Amino acid sequence: MQDLKNSETLKNLMRAFAGESQARNRYTFAAGIAKQEKLPVIEAVFQFTADQEKAHGELFYNYMKELAGENIHIDGGYPVDISQKTVDLLKAARHNEYEEHDVVYRQFGEKAKAEGFEEIGRVFHQIAAVEKMHGDRFEMLADWMEQGKLFVSDAATGWMCLNCGHVLTAAKAPGICPVCRHDQGYFIRLELAPYTRL
């Protein structure tokens with residue numbers, strides 16, 4: 001096995017840490033835009049994903065602990081996804097997550113394995129699969145927004161108000177929750193509601 005300090009895997013770990021750190025910030029910023037657009041469910045999805053990116057960053061960072069106190073110089077390109085529209089931020093996030101899954105982390109994983117860092121290679125591949133899930137979720141929400149179906153279903157379905165937990169069955173989420181009076185933006189399809197047993 002190659003020495004981590006002199007490996008390309010070390011640089012890839014730092015690139016991944018930098019990328020995850022930036023993704024976390026971008027999603028936190030995007031959550032703020034969703035909040036401005038009165039879309040608290042999408043705000044929550046961005047925050048939820050930001051927390052997972054933090055966890056990924058911490059994993060990558062901890063693999064570098066033997067180099068504590070040193071500086072690691074890397075090159076890299078990172079996106080500038082600035083928009084005042086939630087749907088644009090969802091689409092940009094989708095693109096970035098798929099790129100991590102389809103290209104970046106797979107290559108990093110293969111390089112780590114080739115250099116003898118089996119565990120790091122495995123983690124890169126496992127996190128790539130999570131990034132695919134993130135991309136799929138962002139894609140679904142962006143598609144629903146563009147199709148005007150974020151709060152409308154083709155058939156009657158369950159809807160939950162994330163503020164008070166009220167559940168109802170309808171083809172469309174109500175404009176205002178009949179229980180707590182919060183806006184439609186608090187409603188999510190029941191099958192997507194957190195901690196709900198269907």
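Two strands count as paired if DSSP finds at least two bridges between them. In this predicted model, tryptophan 159 has leucine 168 in S2 as its bridge partner.

- Three strands make up an open sheet. Their order is S2-S1-S3, and the pairing is antiparallel.
- Strand S2 (167–172) and strand S3 (187–189) are the edge strands. Each of them pairs on one side only.
- From one strand to the next, the twist averages 40°.

**Strands S1 and S2**
- Strand S1 covers residues 152–161. Five bridges join S1 to S2, and the two run antiparallel.
- Which residue in S2 is the bridge partner of glycine 158? The partner is threonine 169.
- S1 and S2 form a hairpin with five residues between the strands. In this hairpin, glycine 165 takes a positive phi near 90°.

**Glutamate 100**
- Helix H3 spans residues 86–114, and glutamate 100 lies in this helix.
- Is glutamate 100 buried or exposed? Glutamate 100 is buried, yet has no salt bridge.
- The nearest side chain of opposite charge is arginine 26, 6.0 Å away. A salt bridge needs a side-chain nitrogen of Lys or Arg within 4 Å of a carboxyl oxygen of Asp or Glu.
- Which residues are in contact with glutamate 100, leaving aside its neighbours within four places in sequence? They are Glu20, Tyr105, Arg106 and Glu131.

Note on methods. Residues are numbered from 1 along each chain as its sequence is written. This is a predicted model: local features need pLDDT of at least 70, side-chain atom pairs count only at pLDDT 80 or more; totals for chains, interfaces and linings use all residues. Side-chain values use heavy atoms; hydrogens and water are left out. Helices (H or I, at least four residues) and strands (E, at least two) are DSSP runs, numbered from the N terminus. Axes are lines fitted to C-alpha atoms, for helices over the stretch in contact, and angles run from 0 to 180 degrees between N-to-C directions. Buried means under 20% relative accessible area, exposed over 50%, partly exposed in between (1.4 Å probe, protein chains only). Lys and Arg count as positive and Asp and Glu as negative; His and the chain ends are not counted. Contact means heavy atoms within 4.5 Å.
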